[in-house]
Amino acid sequence: MKLVLNSFFICFIVFCSPVLGESFSKTYLIKSSGIKIGKLDWEVVIDDKKYRNDLRLKSEGFLSIIYNFEGEYSSEGGVENNKLRPTKYTHLWKTNKTAKKMNLVFQNNKLKSLDQFPIEEEHLRADVFGIKETKDPISSFLQIVMGHNMSLVVDGRRIYTMNAFVNKDLNQTSIELLDYLNLWADHKRTKFEKIAFEKKVGGFLPSKILIYFDKRIFKLEEF
């Protein structure tokens, strides 16, 4: 009887694990010019059919007294042949002066709806709903972390392509933005330049992320 029960539980774990999905999580300290400015928690739950991708960002350190910020980013969807197919993306960004929200819904591998606060009064400059194979920004980044070299991004304010280059000598992947297009007439191009990340052998999430923004480098290192 004991042998039968042990065999049952082994089979249950083996066959149910892909359904439940694997969970990966890391906490990163964020520094700029060697000064700690915040913390990022990143959690991914994924199996061969679906995924959920959550990031929580919060200011920390003495500079947070002057400039306080907090961000929540979440995407979810399906997995087909190791490719992510988002169905929903949300983000919330708050500082001591502003609060911004974005909700994107995807269907059939393209954007179905866009809802944001504050409400944009300008008209869209492109038919973003007719473009195929688009993904939200954090699904696109995760897709590249998983080994793909390109992803078409729509984040509610702009469209661009994430294009990845692997430097095997440095064990580093760099991501550049190509074919950048603003969706709103009043929206200026971001000062974002590129992202680079490093992964440990056998690791799923990066161990280190570098964000190049407005001639500054923000370093995210696992805590």
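Is Asp-214 buried, partly exposed or exposed, and at what relative accessibility? Asp-214 counts as partly exposed, at 35% relative accessibility; buried denotes under 20% relative accessible area, exposed over 50%, and partly exposed in between (1.4 Å probe, protein chains only).

1. Basis. The model is predicted: local features need pLDDT of at least 70, side-chain atom pairs count only at pLDDT 80 or more, and totals for chains, interfaces and linings use all residues. Residues are numbered from 1 along each chain as its sequence is written, and side-chain values use heavy atoms, with hydrogens and water left out.

2. Strands here are DSSP runs (E, at least two residues), numbered from the N terminus, and two of them pair if DSSP finds at least two bridges between them. Strand β3 (residues 50–59) pairs with β4 (residues 69–80) in the antiparallel sense over nine bridges; Asp-54 has Ser-74 in β4 as its bridge partner. Strand β4 is also antiparallel to β5 (residues 83–95), with twelve bridges joining them, and Gly-78 stands opposite Arg-85 in β5.

3. Positive phi values. Most residues other than glycine have a negative phi. Asn-81 takes a positive phi near 55° in the hairpin of β4 and β5, where two residues lie between the strands. Asn-108, in the loop between β6 (99–107) and β7, also has a positive phi near 55°, and it counts as exposed at 66% relative accessibility. For Asp-214, phi is near 55°; its place is the loop between β13 (208–213) and β14 (216–222).

4. Cis peptide. Phe-117 and Pro-118 are joined by a cis peptide bond, with omega about 0°. Pro-118 is found in the loop between β7 (110–117) and β8 (134–135).

Technical notes. Helices (H or I, at least four residues) and strands (E, at least two) are DSSP runs, numbered from the N terminus.
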